[in-house]
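Open the model in your viewer and keep the selection tool at hand.

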Amino acid sequence: MSSCYITTPIYYVNAEPHIGHTYTTVLADTIARYHRLTGDETFFLTGTDEHGEKIAEVAAQRGVSPQEISDQNSDAFRSTWDRLGFSYDRFIRTTDPDHVETVQRILQQVHDAGDIYFKEYDGLYCVGCERFLTERDIEDGLCKDHERAPEQRVESNYFFKMSEHFEWLAGHIEANPDFIRPERYKNEALAMLRDESGLGDLCISRPKERLEWGIELPFDANYVCYVWFDALINYLTGAGYPDGPKFSERWASAQHFVAKDILKPHAIFWPIMLRAIGLEPYRHLNVHGYWNVDARKVSKSLGNMISPLAMQEQYGFEAFRFFLLRDMVFGLDSNFSEEALVARVNSDLANNLGNLVSRTLNMTARYAGACVPACGPTDVLEDEVAAAVPVAAGKVAQHMQRCEIHRALEAIFELVDVVNRYLEQRAPWKAAKQEGTEQLVATTLYTSCEALRCIALLLAPFLPATSATILERLGLAGALDGAHILDDACAWGRSKAGTPTTKGAALFPRLDPPAREDA
Ligand code: ME8
């Protein structure tokens, strides 16, 4: 059995979850579910990043301790993820004792190996990014991401010898084209490495006189660890480093999911940190674009957030989840609007999928006594439907390997179209009115119930609740328990005649377009 270790970023606890965090977590959840259904031993990690100036600053503004803010907002993330049904295996907090211990152990190890030195530093610091900026990060005197002015800082600090590994890293990135993907981010990482003036060594400490909220350096009690050095190590703690029984297999299959805002720490700092620790680099860094609203990145600091719980309340989470997965092209930015969401849900879910489910099950109730009928002799039309299933499954597998979720969904919805077209051609509602067509109607309904079973299985990683509902209505509750489920999707003919089916209410009622403010 192969291992599969999937992570999201650990989110800062300076505010509540928004569409951006939800997207990365939906994406990772979908990939994790997919791997579980193919039989891989999957471990899915998410959590919260709690130390550092950003959190200390918000706590001070609100007059509470950083620990209180962390507890409150970490709970907000976890309970939101639970309400949305994400299938994470561990929710890690950087204040968890095992993480603090791992970070200190690693700091000591890297220090003992001579890879950390002390010096005075003078630079421009952005608290939003929690790092010193380079010229590339600044436009009109402001941090490009946070649109706030960085502060000039002169400080004595500890530095991690990062620059001596740039050449090795560039070689690793070149030699492993899917290490950082899609390709545009691989190229961006290589450009960062070429532009060495901007990188240099990594400052990994903050003096306690300026910041107390962090993990104390084991070799100097006057300093705490820089939040990014602490945060990246969560991926090791979460996998059970150093001696957890599954650590080695998990680490060998590690895939990180992040947006492009944190490319640099993941593409540059992290592989070099791993090298200093004596570990192999992770397997893949999967980098997606931004969700924008009115062409601006959704973010806590810009205050244009879309709440996933509000979306769940308004549209149902599966509809929102589907929109996020279907409308973002992996690697590119996407614009969020409720109009686009409603249009997508109405066309794909209410019309195509919803219609197929309701007419298949309604006709099975009406013409076959609410049981899957026995399949009679088949013809070229049935053979075409049966042949379309492994084609769709093959495309899904291929696209999922590359994280091209929108294309995987496209392939499943092409299959939905094939079955809808088949029903139009066979028109069992007309055939049923004629004499001697019982077998033809039964074969048509068997074929569409069977295709629906396959579609529901293929959809399980993307729309887990919808998939379970369709299977339940086909009398196959529990079909998703166990391993190698996706192989079942391609095994045509598994539906058994006589299995009771239920009609049920519309899966996705058509949504009204949102009211316009100027209307
Ligand atoms: O950076 N569009 O945490 P963070 C798409 N703690 N994704 C978005 C997004 C948007 N508009 N806004 C946020 C941190 N995200 C660090 C990470 S990991 C060791 C430490 C998502 O709370 C996306 O995944 O600022 C992005 O990379 C992440 O949230 C940043 O979350």
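Select strand β9 (residues 180–181) together with β15: the two run parallel and are joined by two bridges. Within this pair, Arg181 has Asn286 of β15 as its bridge partner. Strands here are DSSP E runs of at least two residues, helices are H or I runs of at least four, and both are numbered from the N terminus; two strands pair if DSSP finds at least two bridges between them. The model is predicted, local features need pLDDT of at least 70, side-chain atom pairs count only at pLDDT 80 or more, and totals for chains, interfaces and linings use all residues. Residues are numbered from 1 along each chain as its sequence is written, and side-chain values use heavy atoms, with hydrogens and water left out.

Gln255 has His284 as its bridge partner in β15.

Move to the open sheet of three strands, order β11-β13-β12, paired antiparallel. β11 (205–207) and β12 (216–217) are at the edges with a single partner strand each, so one side of each has no neighbour in the sheet. Pro207 stands opposite Tyr223 in β13.

Last, select Lys430 in helix α16 (residues 428–431). Lys430 counts as exposed because its relative accessibility is 52%.

Definitions and conventions
Buried means under 20% relative accessible area, exposed over 50%, partly exposed in between (1.4 Å probe, protein chains only).
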